[in-house]
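Try each task before you read its solution.

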Amino acid sequence: MTDNWPVIAPAPGTPACGPPSFEPERGWSVTRHADVRAALTDLAFQVPAVDTGPPGTLAWLRATVSRFSPPRRHADRRAVAVRALAPLEPDDLRLDAARLTVAALDRAGDRIDVMRDLARPVPLRALADRLGFADPAAAGPAVAVVAAAYHPGWTLR
């Protein structure tokens with residue numbers, strides 16, 4: 001497979017890419033495109049299965065979602081998400097996202113926090129709306145709570 005994406009210079013201060021490295025307190029760091037692609041496509045690289053817990057707990061969530069499923073269960077769990085997303089038209093989602101972005105820019109005046117006001121909520125709200133959520137705006141705070149549980153100490157604004 002050949003990538004035809006343009007090469008974009010890294011932001012100032014971005015550390016140089018290099019071979020995969022391991023830090024005991026942080027885990028593996030993979031920075032080169034070829035290494036990331038190899039890790040994502042090699043069947044030997046799998047997320048370890050996790051133990052379950054009482055319904056509604058983080059342990060239960062991690063044991064239930066496809067991301068942390070063992071290979072024998074992953075395909076079936078992934079299929080549930082694929083079926084839910086299959087009827088959605090990417091062009092419709094793109095138009096919804098554009099409409100939500102314009103509305104946010106109109107409300108913002110001369111300054112906007114791109115991550116907080118656009119990058120995080122717009123795609124999620126467009127998707128939640130198309131999936132028929134009763135309150136698409138509530139999806140953002142719910143995702144932030146779950147994301148914070150996955151990554152303790154991180155803050156999603």
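The exercises go from the whole chain to single residues.

This is a predicted model, in which local features need pLDDT of at least 70 and side-chain atom pairs count only at pLDDT 80 or more, while totals for chains, interfaces and linings use all residues. Residues are numbered from 1 along each chain as its sequence is written, and side-chain values use heavy atoms, with hydrogens and water left out.

**Exercise 1. Fold outline**

Work out how many helices and strands the protein has, and their pattern along the sequence.

Step 1: take helices as DSSP runs of H or I with at least four residues, and strands as runs of E with at least two, numbered from the N terminus. Step 2: the count is seven helices and two strands. Step 3: in sequence order, the pattern reads β-β-α-α-α-α-α-α-α.

**Exercise 2. Overall dimensions**

Step 1: Step 3: along the principal axes, the C-alpha atoms fill a box of roughly 45 × 45 × 35 Å.

**Exercise 3. Burial**

Find what share of the residues is buried.

Step 1: buried means under 20% relative accessible area, exposed over 50%, and partly exposed in between (1.4 Å probe, protein chains only). Step 2: of the 157 residues, 13% are buried.

**Exercise 4. An aromatic pair**

Search the whole structure for aromatic pairs and classify what you find.

Step 1: rings of Phe, Tyr and Trp (its six-membered ring) pair if their centres lie within 6.5 Å; planes under 30 degrees apart are stacked, over 60 edge-to-face, and the rest tilted. Step 2: the search gives one pair. Step 3: F22 and W28 have ring centres 5.3 Å apart and planes at 55°, so the pair is tilted. Step 4: F22 sits in strand β1 (residues 21–23) and is partly exposed at 48%, whereas W28 is exposed at 61%. Step 5: beyond neighbours within four places in sequence, F22 is in contact (heavy atoms within 4.5 Å) with G27 and W28.

**Exercise 5. Along a helix**

Locate V102 and give its C-alpha distance to P90.

Step 1: V102 belongs to helix α4 (residues 90–108). Step 2: V102 is partly exposed, at 46% relative accessible area. Step 3: V102 and P90 are 12 residues apart in sequence and 18 Å apart in space.
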